[in-house]
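Okay everyone, thanks for coming.

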Amino acid sequence: MNAPLEDSLTPQIRVEDDRTGLSITTLRSALADNLFYIQGKFPGTATKNDYYMALAYTVRDRLLQRWLNTTQTYRKNVKVVCYLSAEFLIGPQLVNNLINLGIYAKIRQAVEESGLSLQELIEQEEEPGLGNGGLGRLAACYLDSLSTLEIPAIGYGIRYEFGIFDQEIRDGWQVEITDKWLQYGNPWEIARPEEYVEVKFGGRSEHYYDEKGNYRVRWIPDRVVKGVPYDTPILGYQVNTANTLRLWKAEAIESFDFQAFNIGDYYGAVDAKIVSENLTKILYPNDEVIQGKELRLQQQYFFVSCALQDMIRLLLSTEVSLETFHQQFAVQLNDTHPAIGVAELMRLLVDEHRIDWDKAWHITQNTFAFTNHTLLPEALEKWPIELFGRLLPRHLEIIYEINQRFLDRVRMKYPRDLGKLSRLSLIDESGERYVRMANLACVGSHAINGVAELHTELLKKTVLKDFYEFFPEKFANVTNGVTPRRWMVLSNPRLTRLITEKIGDRWITHLDDLRKLETLADDASFRQQWRQIKQETKGDLAAYIRKKLDIIVDPKSLFDIQVKRIHEYKRQHLNVLHVITFYNRLKHDRDLDITPRTFIFGGKAAPGYFMAKLIIKLIVSVANIVNNDPDVRDRMKVVFIPDFNVTLGQRIYPAADLSEQISTAGKEASGTGNMKFALNGALTIGTLDGANVEIREEVGAENFFLFGLTTEEVYGLKARGYRPFDYYNQNAELKAVIDLISSGFFSHGDVDLFKPLIDNLLYRDDYMLLADYQSYIDTQEKVSQAYRDRENWTRMSILNVARMGKFSSDRSIREYAQKIWKVEPVPVELLQLCPGGQ
Ligand code: CR6
């Protein structure tokens with residue numbers, strides 16, 4: 001560490017050097033240096049990617065002072081938030097870092113003066129797709145806010161070699177392509193091989209008496225894997241704080257290789273290496289459904305064990321007692337994926353550090369907090385006892401012990417209530433026996449939260465009802481939020497500029513300031529500017545669509561967009577029913593004075609989710625017919641944009657007029673796309689589901705297009721016996737739409753292709769599309785009418801943006817910090833600098 005230099009240096013820039021200097025000349029020479037010394041290229045032979053890498057290193061150099069000083073600051077006995085998540089969908093890093101460092105303009109100038117286009121270099125970056133959708137992106141927004149709010153934090157997760165697959169559409173079907181995001185290297189991460197930890201698997205546990213005659217247990221594994229941390233800096237917005245995202249990669253333990261090698265089993269040793277490294281190869285591409293694969297449990301245990309061992313090591317390096325663990329760390333479990341942490345921390349404390357059970361349990365419960373992200377029963381994680389015990393024999397024992405102690409308390413409170421006991425148990429014994437991860441998370445945490453008000457209320461009434469009755473004090477709500485830095489400043493520079501011109505730039509970190517736009521909604525010239533910006537942004541998206549898909553869309557038409565994972569509960573097919581209704585109306589009355597629309601879809605389907613893939617096929621099939629029908633030309637277009645990801649989201653959200661948030665009430669825990677759209681000035685058509693409820697509350701019912709059954713009505717109708725076929729029979733327009741699909745009109749006469757989808761709607765319709773159809777269609781008609789009054793539409797759009805303050809992830813993080821983590825900001829001073837440091 002730079003101890004001898006420490007006293008002689010001050011945070012001011014001493015020398016304008018290549019690694020820290022910010023003058024255009026220095027930036028240009030840094031870029032050239034990095035191209036030569038890191039990429040090993042002359043300008044003449046360098047590819048665009050080489051230039052991108054050189055630029056990325058140039059930027060990384062300029063954030064290292066903040067990063068290292070942040071880490072240094074946290075060694076001084078401050079409470080650190082550890083966000084444990086199997087997914088972090090952080091998106092491209094370059095522009096975000098430029099913005100947060102406040103050097104975008106300078107870098108652009110330096111790049112352009114070097115004869116390059118910044119935009120082209122930006123487009124070289126492969127985004128780390130280390131998540132499926134909302135949950136992983138939420139984790140990324142939260143890291144951004146933690147740093148911006150100067151709260152000490154570490155994100156712990158998995159460094160998947162292959163992230164979420166790239167989606168291609170061939171003949172209307174989704175095809176999955178492996179995501180080789182690391183193939184050209186990742187300039188944003190730094191490997192820390194010296195900080196590796198060991199993670200055990202399998203084997204058995206051994207009970208023994210230690211030297212003092214105390215009864216103890218040790219775990220004799222049959223396999224050990226090395227976890228190597230890779231760190232990525234997460235810089236806050238214009239602050240010194242740069243927290244760390246620490247992702248773990250699995251590697252083989254060398255001594256194991258050696259052992260096998262020595263007995264001549266070279267191939268055996270190689271096999272062991274491959275098996276170990278497989279652990280962090282691939283992200284499971286499922287959103288909301290569990291697959292129960294053994295490798296997935298291995299991944300979960302692997303990263304959680306790495307994280308907890310890392311925390312213990314950090315703590316012990318500061319010479320603070322391990323018994324204060326819960327005062328030093330607040331560990332958030334992002335869904336049940338890291339819930340095994342409860343048993344792992346108990347094992348580390350009791351078995352390895354010899355703390356007695358009760359004390360260890362006190363520490364554990366006060367350390368963890370648990371966020372639930374879904375009410376869907378198919379997403380509740382449980383592991384067969386046999387599999388669990390084979391992989392984690394000691395943890396199974398610990399879970400039994402936790403369960404026994406917990407159920408004793410339950411019995412005390414509810415004597416003779418066997419139903420209660422079996423529902424609260426950490427073990428599901430109704431058939432094959434399972435470990436229930438949500439129950440483990442609830443018992444082992446001091447706080448439990450849902451992700452929107454409605455969701456938290458439903459949790460208390462349904463899936464976690466018994467837990468709520470047993471410890472109501474643990475429950476709280478924290479409504480999700482999104483970071484305005486990425487989802488406005490970065491992705492919508494035009495609107496950012498206009499807003500900042502009018503109300504200053506404080507809104508970027510205090511989103512409530514957007515309220516100041518309210519009065520401007522009445523200013524005709526402001527509305528004109530607002531509309532102009534939306535128009536230009538739509539033009540950009542139209543150009544992208546034309547280039548990528550060769551489809552011409554009219555930027556003057558209403559851009560009606562639904563982008564998110566494809567799932568039946570999200571009801572993209574309800575949207576399609578409207579598209580076809582719209583089409584039929586146009587076909588029946590060629591002169592119909594209709595508001596022209598462009599229907600845009602995007603999203604990935606889990607590779608094994610047949611119905612979701614069929615929905616994509618339906619969208620593309622409808623698009624092919626509609627877009628080639630001269631009768632409707634210029635009045636409607638349908639587009640499926642392939643490979644929806646963070647990068648594309650940044651293009652798409654700002655270009656929307658209408659945001660489709662149309663899940664069956666009670667199914668979408670929160671949604672966060674709904675927030676990104678509204679923040680960028682789209683109006684929402686939506687059900688009373690998830691955070692839609694709160695968005696509507698904030699923006700005002702008159703600025704939101706509400707339709708559909710409420711959660712109570714959904715439950716009521718289900719209970720009374722829902723008969724979708726009756727809706728079909730009694731609604732001529734709906735019947736015409738369904739019959740048109742069934743007739744093979746969209747499938748070259750193939751009447752079987754969409755049969756599974758249609759039969760499902762007519763005879764099951766779990767997500768009640770047919771019940772909500774008429775209300776949806778009527779509301780869409782209101783949207784069309786409203787869009788004709790452009791002045792009023794613009795007013796509504798401005799008011800939506802002005803009232804989105806609540807949905808900043810800064811607000812969510814402040815709530816977690818106060819209600820759950822009990823942590824305070826710790827500003828970072830740039831004290832310890834390397835020579836030439838700024
Ligand atoms: N799929 C919810 O479905 C929520 C995010 C983040 C989800 C979604 O409504 O906004 O989490 N749930 O809280 C899970 O992933 C289990 C999601 O992204």
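Let's start with who touches whom between two helices: Tyr301, Val304, Ser305, Leu308, Gln309 and Ile312 in α10 meet Gly341, Glu344, Leu345, Arg347 and Leu348 in α12. When I say "meet" or "contact", I'm talking about heavy atoms within 4.5 Å. Sorted by class, this contact of α10 with α12 has 6 nonpolar, 3 polar and 2 charged residues. For the classes, Ala, Val, Leu, Ile, Met, Phe, Trp, Tyr, Cys and Pro count as nonpolar, Asp, Glu, Lys and Arg as charged, and the others, Gly among them, as polar.

Before I go on, remember this is a predicted model: local features need pLDDT of at least 70 and side-chain atom pairs count only at pLDDT 80 or more, while totals for chains, interfaces and linings use all residues. Residues are numbered from 1 along each chain as its sequence is written, and side-chain values use heavy atoms, with hydrogens and water left out.

So how do we describe two packed helices? We give the angle between their axes and the distance between the axes. Helix α10 covers residues 294-317 and helix α12 covers residues 341-352, and they pack at about 45 degrees with their axes 10 Å apart. The axes are lines fitted to C-alpha atoms, for helices over the stretch in contact, and angles run from 0 to 180 degrees between N-to-C directions. The helices (H or I, at least four residues) and strands (E, at least two) are DSSP runs, numbered from the N terminus.

α10 and α12 are therefore oblique to each other. The rule is that angles under 35 degrees count as roughly parallel, over 145 as roughly antiparallel, 65 to 115 as roughly perpendicular and the rest as oblique.

Now look at α2 (residues 24-37) and α3 (residues 48-73), whose axes come within 8 Å and cross at roughly 120 degrees. That makes α2 oblique to α3. The crossing of α2 and α3 is right-handed. Among the residues in this contact are Leu27 and Leu31 in α2, and Tyr51 and Leu55 in α3. The contact of α2 with α3 divides into 8 nonpolar, 3 polar and 3 charged residues.

One more helix pair: α23 (residues 572-588) and α30 (residues 732-742) pack at about 100 degrees, axes 10 Å apart. That makes α23 roughly perpendicular to α30. The contact includes Leu577 and Ile580 of α23, and Leu734 and Val737 of α30.

On to the sheets. Strands of a sheet pair through backbone hydrogen bonds, either parallel or antiparallel. Here, two strands pair if DSSP finds at least two bridges between them. In what order do the 6 strands of the open sheet with parallel pairing come? The order is β20-β19-β18-β21-β22-β23. β20 (636-641) and β23 (705-706) stand at the edges, each with a single partner strand, so one side of each has no neighbour in the sheet. Inside that sheet, β21 (residues 658-661) and β22 (residues 683-686) pair over 4 bridges, and leucine 658 stands opposite leucine 683 in β22. Our friend α23 lies across β18, β19, β20 and β21, running at about 155 degrees to β19.

There's also an open sheet of 3 strands, β13-β15-β14, with antiparallel pairing. β14 and β15 (residues 434-436) pair over 2 bridges, with aspartate 428 opposite tyrosine 434 in β15. Helix α17 (residues 437-444) lies across β13 and β15, at about 40 degrees to β15.

Key
Left-handed = near helix turned anticlockwise from the far one by under 90°.
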